[in-house]
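Look at the sequence and the structure below. The text that follows takes up a pair of helices and then the pockets.

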Amino acid sequence: MSNYTMIKEIKEYAKTNDVPIMQDEGIDFLTTFIIKNQINSVLEIGTAIGYSAIMMALANPNLKIVTVERDEERYLEAIKNIKKFNLEGRITPLFQDALELTLNNKFDLIFLDGAKGQNINFFEHFEKNLNDNGYFITDNIGFHGYVEKDENEIKSRNLRGLVRKIKAYIEYLKENPNYDTTFYKKGDGIAVSHKKEIG
Ligand code: SAM
């Protein structure tokens, strides 16, 4: 089976089983970013079923990825998918809550695509794992258009709470003196935070 057909199948599985995966525009942005910036190591928070990790690995044959997922069913599906592409040597999936994970190695890029209300915690937990001059990329910064909406228009209390957390994260990134962050209206909204050189 071709890569194209297998990717199509993963996307269909995601749709049928309500697994949120990156939008096409977002994944195009991410893979292009990886190629342009010669990213060779990625830590991904939120594997789901392995779609974005596989797409990143296919974009750069030198890329190695560690990816974390806390949902067992999705993690097991990710393992199957990674095997189908023979990418076991380059993608390491971990079944764990990211906030309980301690890693000692460093990465060129840390991709935050886990629970949307936890981004500040993820950022601070994994900052020590980012290489000098490295990047955090965060997906769903626009949160399906809700971030730009007037809060009074959002009826659900839970959703309002989540949108507030995403707005707080956006402010956190803007005000963080150690990073230059650019916001892109691609897919569901993407933030790229470049670690500043020290000294
Ligand atoms: N990156 C995937 C893709 O585009 O193919 C999609 C990831 S999906 C939007 C978010 C995933 O993060 C969910 O499967 C969820 O279970 C997982 N997740 C959320 N919070 C997490 C945490 N604290 N630790 C590990 N996984 C987490």
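This is a predicted model: local features need pLDDT of at least 70, side-chain atom pairs count only at pLDDT 80 or more; totals for chains, interfaces and linings use all residues.

The crossing of the two helices is right-handed.

Which residues make the contact? On α2 they are D24, I27, L30, T31, I34 and I35, and on α3 they are Y51, S52, M55, M56 and A59. Sorted by class, the contact of α2 with α3 consists of eight nonpolar, two polar and one charged residues.

Turn next to the empty space. Rolling a probe the size of a water molecule over the atoms shows where such space is left. The largest pocket has a volume of about 620 Å³. Its lining is made of 28 residues, and P20, D113, G114, A115 and K116 are the ones nearest the centre. Helix α3 is also found here: α3 and β2 (64-69) are the elements that give two or more residues to the lining of the largest pocket. That lining divides into eleven nonpolar, eight polar and nine charged residues.

The second largest pocket holds about 220 Å³ of space. It is lined by 15 residues, with I141, G142, E148, K185 and G189 the closest to its centre. The elements giving two or more residues to this lining are α6 (157-175) and β6 (179-184). By class, the lining of the second largest pocket has six nonpolar, four polar and five charged residues.

Conventions:
Residues are numbered from 1 along each chain as its sequence is written. Side-chain values use heavy atoms; hydrogens and water are left out. A crossing is left-handed if the near helix is turned anticlockwise from the far one by less than a right angle, and right-handed if clockwise. Helices (H or I, at least four residues) and strands (E, at least two) are DSSP runs, numbered from the N terminus. Contact means heavy atoms within 4.5 Å. Ala, Val, Leu, Ile, Met, Phe, Trp, Tyr, Cys and Pro count as nonpolar, Asp, Glu, Lys and Arg as charged, and the others, Gly among them, as polar. On a 1 Å grid over the protein atoms alone, a cavity is a set of points where a 1.4 Å probe fits but cannot get out, and a pocket is an open set with protein on both sides within 12 Å along at least five of seven lines; lining residues have an atom within 4 Å of a point. Grid points are joined across faces, edges and corners, and a volume is the space filled by probe spheres set on the points.
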